[in-house]
Every structure is written in structure tokens, then in C-alpha cells.
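These are my notes from a first look through one structure. I put down what I looked up, in the order I looked.

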Amino acid sequence: MLQVLVSIQALILNQDPYFNEPGWAHHRGTPQGELLSRQYNEDTFILSLKTMIYSMRRPPKHFEDFVVGHFYRRAQDILVACKAYMDGAQVGCLVKGGVQDVDEGDKSCSQKFKNSVSGCVNMLVKEFTVLGVKDCEKFLIVPKCQNNRVDSIPKVPVL
């Protein structure tokens, strides 16, 4: 059992799990492989955020207290990570207390990823607040208006 758990840890819980997928190891070290690896990590993080939201809304039967306790204790860390990723930190470079293992060169996350994280943050804040977590509101994202002029609002035709 220990060997299985250690193998899973080595294959999944590392900076580049994409290259451990069958058939993708030969892409390691290529520009295309690095791009695909980054996209894989970004997509995985977004799915993790969505799973968090779902789990808070519908915790597994008999694990409700565990789920609530986990997210109550980790809410601030999760939101700090989201903010760092929206600010451009590379997925996988965060540890409690800051950023580490930032590769040299332009390795920041994609704009699509930043937008996706931004789309999840307000839902996370809402769910954390329902759990009783304090001081989450500072992470709320105010939608940016492209044009605040009154005359830019479409007028309803008068019939």
C-alpha cells in the first residue's frame, strides 16, 4: 500500500504531471511540451476550484463536518493563491507564505487562466462566507466596465 501511495505522489504531486501522462514524456524540454504542460496545470487548477465550490455546496454524505472544517481553515490560503495566479504567478509555484520555484524566463500563467480564476473567486468568497469564514470580502472582484459613459447604454426603441 505504501508503494502505491508513494508512486501516486511521485506521478501526480509534482510540478509537471503532464509529462507523466502516457505518450507525452517525449514532449519534455520542447516549447510545445512546455506550453501543453502549463495549460494542463492551469486547467487542473480551474477544475479544482470548481470542485471546491461543488463540494462546499453539496458535501459528501457523512463528510459534511470534514468538508466544512477543511474549507473553513484553508479559505484564506485558497484565496491568496487565486490572487497570486490572477497577478501572474505560475501554477505550482505557491507554498504557504509565498511564491517559490519560479522558473527563469517568461513563465507566467495565461490570460485565459487569469480570467477563469477571476470568474471563480466571487463564487468561492460566497461559499466561504456561508461557512462563516471572516474577511473574505477583500478578495471580491468588481467587474470592470469597459465604458462608463451613460450614452453608451443601449436605448430601448420607442414604439
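Is Arg38 buried, exposed or partly exposed? I looked up its relative accessible area and found 26%. Buried would need under 20% and exposed over 50%, so Arg38 is partly exposed. I note here that the model is a predicted one.

**Entry: the partner of Arg38**

I looked for what the side chain of Arg38 meets, and found a salt bridge with Glu42, at 3.4 Å from N to O. Both residues belong to helix α2, which covers residues 31-57. They are four residues apart, about one turn of the helix. Glu42 has a relative accessibility of 4%, so I put it down as buried.

**Entry: other salt bridges**

One is between Arg57 and Glu127, whose side chains meet at 2.9 Å, N to O. Arg57 is in helix α2 and Glu127 is in helix α4 (residues 111-130), so this pair ties together parts that lie 70 residues apart in sequence. Arg57 is partly exposed, at 42% relative accessibility, and Glu127 is buried, at 8%.

The other is between Asp77 and Arg74, at 3.9 Å from N to O. Both sit in helix α3 (residues 64-86), three residues apart, which is about one turn of the helix. Asp77 comes out at 31% relative accessibility and is partly exposed. Arg74, with a relative accessible area of 37%, is partly exposed as well.

**Entry: the chain as a whole**

I then stepped back to the chain. I count four helices and two strands in it. Read from the N terminus, the order of elements is α-α-α-β-β-α. The chain has 159 residues, and 28% of them count as buried. I also looked at contacts between residues at least 6 apart in sequence, and 56% of these join residues at least 24 apart.

**Entry: α2 against α3**

How do α2 and α3 pack? Their axes are 12 Å apart, and the angle is about 150 degrees. I noted the crossing of α2 and α3 as left-handed. On the α2 side the residues that meet α3 are Phe45, Leu49, Met52, Ser55 and Met56. On the α3 side they are Val67, Phe71, Ile78, Cys82 and Tyr85. Sorted by class, this contact has nine nonpolar residues, one polar residue and no charged residues.

**Entry: the core**

Which residues have the most contacts inside the largest nonpolar core? I found Leu49, Leu124 and Phe128, in a core of 30 residues. Helices α2, α3 and α4 each supply at least two residues of this core. The most come from α3, which gives nine.

I took Leu49 for a closer look. Setting aside its neighbours within four places in sequence, I find Leu49 in contact with Ile78, Cys82, Val117, Cys120 and Leu124. Ile78 and Cys82 are also among the α3 residues listed where α2 meets α3. Leu124, like Leu49, is one of the residues with the most contacts inside the core.

Notes. Residues numbered from 1 in each chain as written. Predicted model: local features only at pLDDT ≥ 70, side-chain atom pairs only at ≥ 80, totals over all residues. Heavy atoms only, no water. Salt bridge = Lys/Arg side-chain N within 4 Å of Asp/Glu carboxyl O. Buried < 20%, exposed > 50% of the residue type's maximum accessible area, 1.4 Å probe, protein only. Axes fitted to C-alpha atoms, helices over the stretch in contact; angles between N-to-C directions. Left-handed = near helix turned anticlockwise from the far one by under 90°. Contact = heavy atoms within 4.5 Å. Nonpolar A, V, L, I, M, F, W, Y, C, P; charged D, E, K, R; others polar. Core = buried A, V, L, I, M, F, W, Y, C linked by side-chain atoms within 4.5 Å.
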